[in-house]
Amino acid sequence: MLSVLDIFRIGIGPSSSHTVGPMRISAMFLKALKRSGKLDRAERVHIELQGSLALTGVGHGTPRAAILGLMGHKPETFDPAVAEAQMARLENESILPLCGKRDIGFDSRADVDLAGHIVPALHPNGMRLRAFDRQGELLSDRTYYSTGGGFIATERQLKNPPKNDRITVGSAVPFAFGSAAELLALSAEHELPIHEIVLANEDAMRPRAKTCSGIDNIAQAMDDCIARGLQQTGILPGGLNVRRRAPELWAKLDGAPQSNEREQLFDWLNCFAMAVNEENAAGGKVVTAPTNGAAGILPAVMRFYCLDAEDRACRDSRRKFLLTAGAIGLLYKQRASISGAEMGCQGEVGVACSMAAGGLAALWGGSPTQIASAAEIGMEHNLGLTCDPVGGLVQVPCIERNAIGAVKAVNAARLALHRDEMTLVSLDQVIETMRQTGLDMSTKYKETSQGGLAVNVIEC
């Protein structure tokens, strides 16, 4: 079973599937090459980006991320200063430090192919890498897939899915669940809240202290991203001339006395969510929650309702929030998808809204049934949400969409807490509906920038 620490990953913007994933794929390719004993013979590497990775790749920074992965960079430990120096040398001298050690020739115009006409059947985010020796003989030819949220997979992994649609877990996990129904049944049987069930499962993977430390690090990284986003001003890169708005809104909120106006809640949530996604659009350090494109929703809700991270009670609340939200994210990842290229934005912002709603319901003392209801409401009203970024950039409508998603998550939690009975639509049913809707959705609206706002808005 996946860990909640797999759902929440620290990486770089602007896209978990188009930036983090390709960087990790390049690293996996080099690891396989080294394992086969051929790495030292490699003198040239060719990258072919397929489907959505090609169609919106330039705006998402995919070619650069794939190249940085060949240089040995990892999303978790990415050093912008080192990366910029290496990319400048590559541009000027056509030299790439393979794995950060041995120089090989690399022409970014000839050795990166944007093959948007190739849409793999297994997953629309395909990435093929080939390595050649000095004589031009092929050493390795492998295709990988970036499946959303920074997760990656080989052809074999995608060609051999579970034999049925029910996800099972290892016997070492004390509370095995493959659906929301099973999770709720376990909670009722053992009289445990959802976050404690998840924490007990995490105990089977690592010491509890390490899990809690990991959760705390994730929460801190979310806070740090908000803090950076509230201070940085100017125009976001990419050519759309989108201005950072979070700092201006923050100045109005922070410099004025607390208002009794209830609608000011929207301003705070908008401010925090946009701060994160403006940082993401600028290629900054963010947490996939569960993706980069939807990275602002959970941090915004958590920051507003759990402000003081140094306070022990607030720290415990943050853990409860993230563990509960993570459980919901695991269900979407295992039973459907969190990839915008597969599901549209319902699989990114929709899932993040659902996760945040469930996490907040837990913070407010909601029962497991109410938590599942909040998560269901959060997704139900995001069904069919398209992914049509203007200019292939994670800016319009992505930044504002996170702000809207954060507000919607809070309302979903409120609605769920006003009733105790099971909803007519279950969380499992809405997850399956999202999956079916994503499969039926035209590829124009699934992170290809070939339809919707992407073609109806004139780029500046």
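The questions below ask how several descriptions of this predicted model follow from its computed values.

This is a predicted model, in which local features need pLDDT of at least 70 and side-chain atom pairs count only at pLDDT 80 or more, while totals for chains, interfaces and linings use all residues. Residues are numbered from 1 along each chain as its sequence is written, and side-chain values use heavy atoms, with hydrogens and water left out.

Q: Why are helix 10 and helix 14 called roughly perpendicular to each other?
A: Helix 10 (residues 208-231) and helix 14 (residues 312-335) pack at an angle of about 95 degrees, with their axes 10 Å apart. Helices here are DSSP runs of H or I with at least four residues, strands are runs of E with at least two, and both are numbered from the N terminus. Axes are lines fitted to C-alpha atoms, for helices over the stretch in contact, and angles run from 0 to 180 degrees between N-to-C directions. Angles under 35 degrees count as roughly parallel, over 145 as roughly antiparallel, 65 to 115 as roughly perpendicular and the rest as oblique; helix 10 and helix 14 are therefore roughly perpendicular.

Q: Which residues in helix 10 and helix 14 meet?
A: With contact taken as heavy atoms within 4.5 Å, C212, I215, D216, I218, A219, M222 and D223 in helix 10 meet R315, R318, R319, L322 and L323 in helix 14. By class, this contact of helix 10 with helix 14 has seven nonpolar, no polar and five charged residues, where Ala, Val, Leu, Ile, Met, Phe, Trp, Tyr, Cys and Pro count as nonpolar, Asp, Glu, Lys and Arg as charged, and the others, Gly among them, as polar.

Q: What makes the contact between the side chains of E43 and R102 a salt bridge?
A: A salt bridge is a side-chain nitrogen of Lys or Arg within 4 Å of a carboxyl oxygen of Asp or Glu, and the N to O distance for E43 and R102 is 3.2 Å. E43 lies in the loop between helix 2 (16-35) and strand 2 (44-50) and R102 in strand 4 (residues 102-105), so the pair ties together parts that are 59 residues apart in sequence. A search of the whole structure finds 22 salt bridges.

Q: Why does E43 count as partly exposed?
A: Buried means under 20% relative accessible area, exposed over 50% and partly exposed in between (1.4 Å probe, protein chains only); E43 has 22% relative accessibility and therefore counts as partly exposed. R102, with a relative accessible area of 26%, is also partly exposed.

Q: Where do E248 and K252 lie, and why is K252 called exposed?
A: E248 and K252 both lie in helix 11 (residues 246-254), four residues apart, about one turn of the helix, and their side chains meet in a salt bridge (4.0 Å, N to O). K252 is called exposed because its relative accessible area is 55%, whereas E248, at 41%, counts as partly exposed.

Q: What is noted about the phi of E447, and why does E447 count as buried?
A: E447 has a positive phi of about 55 degrees although it is not a glycine, and its place is in the loop between helix 19 (427-440) and helix 20 (453-456). E447 counts as buried because its relative accessibility is 3%.
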